[in-house]
Each structure stands twice: as C-alpha cells, then as structure tokens.
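These are my notebook entries on a structure that I went through element by element. I set down what I looked up and what I found.

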Amino acid sequence: MSPASPDQATPVTVRIGELRVLKGRGVLAAIGLGSCVGVALYDPVSRVAGLAHIFLPSSQNGRLVAGAPARYADTGVPALVDAMVAAGARRERLQAKLVGGAQLFLRGDHATLEVGRRNVEAVRAALCALGIRVVAQDVGGSRGRTMRLFAETGRVVVTTLGSEAREL
Amino acid sequence: MGNIGAGNATTALSQLLGDRLVRMTAPAVAILDIPEVGAWVGEPHLPVVAAYVQVTGGIEGHAVLLLAEASAQAILQEMLGAWGGDRPGLLASGAIPLGERTVSDLEASALMELGNVVITSYLNALGELTGLVAIPSVPSVAADMLEAVLNSILAEVGWSDAGVLAIRTHLQGEGAAVEGQLLFVPAEGHLSRLIQAMGMVGEARS
C-alpha cells in the first residue's frame with residue numbers, strides 16, 4: 001500500500017462546538033453545516049490548519065466552554081487562534097475561509113430562523129477584532145454544506161446536495 | 001404513551017394518503033448532547049424534506065416531520081396528482097430543492113399542510129394524555145441533507161448542558177411509499193413535566 005494522498009486521507013470530523021488543529025498533513029471536515037458556520041484558518045508558512053464548527057453567535061457571558069470551545073462565535077474564534085498559535089502558527093499570517101450560515105427553512109412564522117446570518121456576522125466581527133483577513137467564503141443562501149480543509153495546502157472544498165464539489 | 005401520539009399522527013397521514021395504511025414504530029426516547037442528535041436520527045448526508053414547527057403553550061418545544069426525499073415526492077404525487085406540476089416556485093428568495101428540481105408554490109404549501117396535520121395530531125394526543133395544551137406554529141419547510149436540517153433546528157433549541165430530550169418515531173407506509181420520522185424536542189423547562197406526565201423514563205445519560 002502506498003501512502004494515502006491528502007485527498008484520500010480519512011477526514012477528522014469536527015462536530016458542532018468543536019475545534020481541531022492539524023499541522024502539515026491530514027484533512028479536517030465539518031459535515032452538514034446548516035445555520036452553523038465552519039471557520040477554516042490557515043498559516044501557509046507553518047502549514048498549521050484549524051477548523052471550528054460554530055453553533056451560535058454569542059456566548060453572552062464570554063466564558064469558554066470546556067469540551068465545546070467553538071460553540072459560540074465570540075469565544076470560539078479566539079480559542080481557535082490560540083490553539084493554532086500553540087501549534088506553531090503566527091496570528092498575523094492566518095487567513096480565513098468561511099462556509100455555512102445558511103437559512104434552510106422557508107416561510108412559516110419563525111422570525112428567529114436567522115441564526116445563520118447572525119453566525120456569519122459574529123464570526124466576521126471576531127476575526128476582524130483579531131486582524132484576520134477573510135480570503136474566501138461560501139456563506140448564506142438556503143443550502144446545507146459539508147466542508148473539508150486540507151492541511152497540506154489550506155485548500156477548502158465545499159459540497160452541497162446535488163451539486164459538484166467546489167474549491168475555495 | 002408516546003405510542004398514542006404517534007398513532008394519531010400516522011392515522012392523520014394515512015387519511016391524507018387516501019387511507020393507505022401507515023405504520024409506526026414504538027417511539028424511541030433519548031437524552032443527547034447537541035452534537036449527538038444528528039447521528040441518532042440518521043445518516044448525515046441523507047436527502048430529506050422537513051416540516052418544522054415551534055410549539056408553545058403548556059408543552060413548549062420543537063417538532064419536525066422528516067421524510068425521505070423519495071417519500072416526499074410520492075406523498076406530493078398522492079396529494080396533488082397532476083396539479084403539483086413541475087413549475088418552479090415563485091418563492092424566489094429560497095427555492096426548496098427536490099431531486100433535480102425545486103418545488104412549486106403549491107407543493108410547498110402542501111408540504112406545510114402535511115407537516116401541520118401530522119404534527120398537530122401528534123401534539124393533540126400528547127395534550128390529551130398530559131392535560132397540557134400544545135400550540136404549533138405555522139410550519140417552515142426545508143429540503144436538504146439531514147444533518148444540516150437538524151442542526152438548523154437545534155440552533156433554535158439552543159444549547160443545554162443537561163442535553164436535549166428527543167422523541168423519535170419512524171413512519172412506514174405500504175411498500176416504500178412513506179418513510180419518515182417525527183422528532184419532538186421539548187424546551188428545557190418542559191422536559192421534566194413532560195416525562196412525568198407521560199410516565200416515560202428516558203435512556204439514562206452515560
């Protein structure tokens with residue numbers, strides 16, 4: 001058996017509220033992003049890659065939750081950056097790619113089904129506060145998404161039901 | 001006791017489908033962390049059509065009817081016949097995909113009505129058992145991969161460190177025409193009173 005290429009490597013799934021960091025090789029995946037937002041950060045020099053699966057915009061009390069540090073955008077984004085810096089990344093080199101934040105449900109009377117939009121806004125605000133640039137995104141709309149982040153290159157691939165995979 | 005709620009819902013669905021028999025499984029109940037709910041319900045990329053309602057009143061919570069995509073198509077055919085058509089929907093802000101096309105306005109309306117009838121009959125039965133009134137909102141409809149649909153609903157539930165109580169019932173029609181699930185997640189403060197009223201004991205958290 002030859003070593004698996006990055007595309008064939010089994011992705012490490014990052015579940016809701018989780019964040020994961022890889023260095024140089026391997027694949028991180030967030031499956032079935034609806035209103036959730038997947039925040040992919042990459043340092044192209046150290047090749048440290050991080051992915052956070054953000055569930056809600058705001059922690060309100062600003063506290064980090066043990067076991068689910070990426071539950072909220074306002075605490076999850078800084079926690080992801082800290083974890084990547086600890087793994088050898090430099091904050092000023094980090095580039096962000098955002099995926100998700102859709103609104104899947106149509107009609108009805110749920111004024112509150114706007115979590116997706118609010119998640120994206122909260123993630124962007126948290127990144128801006130840390131001086132991290134968003135270099136690509138596939139956010140909003142009405143479709144659920146699955147994303148993969150390749151640690152070797154920082155490439156992000158997004159899939160939706162019934163469409164070709166596309167690269168960010 | 002959850003059986004009776006699901007029984008009402010399957011009866012309502014059978015009637016919508018011209019009295020074709022729709023069976024149900026005994027409800028499964030579990031207390032789960034938010035990230036565990038998706039895997040408990042099914043394969044994450046499964047294409048589903050969902051009708052979701054928020055429930056207020058004596059029992060507060062979130063209810064969703066999930067149908068396999070092929071089942072939703074079969075039910076629409078049954079409900080609308082030639083009237084369903086394949087005209088694209090006029091709800092341009094967010095067309096609902098269904099297989100290779102998007103649903104028409106009439107079909108979207110039919111899916112809302114389907115969700116309304118099935119979920120309301122389920123809630124009515126729960127209400128009769130518990131003496132608590134449950135009022136469903138107008139349904140919202142989505143069609144997408146299961147995990148994304150569920151997570152969007154769970155975002156409305158919010159995060160509870162105590163986990164969420166999920167009640168799941170499988171619906172099965174004659175042949176493969178109907179395959180779906182009913183999921184009800186009571187709001188956090190309403191969990192214990194519902195369990196007490198229904199005489200059910202959830203699977204213990206490990």
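**Entry 1: the sheet of chain A**

I began at the bridge partner of A:Val157 in strand 10 of chain A, which is A:Glu167. Before going on I noted that the model is predicted, that local features need pLDDT of at least 70 and side-chain atom pairs pLDDT 80 or more, while totals for chains, interfaces and linings use all residues. Residues are numbered from 1 along each chain as its sequence is written, chains are lettered from A and ligands numbered from 1 in the order in which they are written, and side-chain values use heavy atoms, without hydrogens and water.

I took helices (H or I, at least four residues) and strands (E, at least two) as DSSP runs numbered from the N terminus. I counted two strands as paired if DSSP finds at least two bridges between them.

Strand 9 and strand 10 of chain A pair in the antiparallel sense over 2 bridges. Their hairpin has 6 residues between the strands, and A:Gly162 there takes a positive phi near 75°.

I then followed A:Val157 to its other side, where A:Arg148 stands opposite this residue of strand 9. Strand 8 (residues 145–150) and strand 9 (residues 156–159) of chain A are antiparallel and share 4 bridges. They form a hairpin with 5 residues between them, and A:Gly154 in the turn has a positive phi of about 80°.

Strand 3 and strand 8 of chain A run antiparallel and are joined by 5 bridges.

What is the bridge partner of A:Thr13 in strand 3 of chain A? I found A:Ala29. In strand 3, A:Leu28 is likewise the bridge partner of A:Val12. Strand 1 and strand 3 (residues 27–33) of chain A run parallel, with 2 bridges between them.

I could then write down the order of this open sheet of 5 strands in chain A as 1-3-8-9-10, with mixed pairing. Its edge strands are strand 1 (12–13) and strand 10 (166–167), each pairing on one side only.

For burial I used relative accessible area: buried is under 20%, exposed over 50% and partly exposed in between, with a 1.4 Å probe and protein chains only. Strand 3 of chain A is mostly covered, with 6 of its 7 residues buried.

Is A:Cys36 buried or exposed? A:Cys36 counts as buried because its relative accessibility is 0%. A:Cys128 is exposed, with a relative accessible area of 59%.

**Entry 2: chain B**

I listed 6 helices and 10 strands in chain B. Of its 206 residues, 55% count as buried. Chain B exposes about 8,300 Å², of which carbon and sulfur atoms supply 54%; the areas come from the Shrake-Rupley method with a 1.4 Å probe, and for residues only the protein chains shown count as cover.

In helix 2 (residues 34–41) of chain B, 6 of the 8 residues are buried, so the helix is largely enclosed by the rest of the structure. Among the buried residues of helix 2 are B:Ile34, B:Val37 and B:Trp40.

I checked the length of helix 4 (residues 105–130) of chain B last. At 1.5 Å a residue its 26 residues should span 38 Å, which agrees with the 37 Å between its end C-alpha atoms; the expected span is 1.5 Å times one less than the number of residues. Helix 4 is followed by B:Gly131, whose phi is positive, near 75°.
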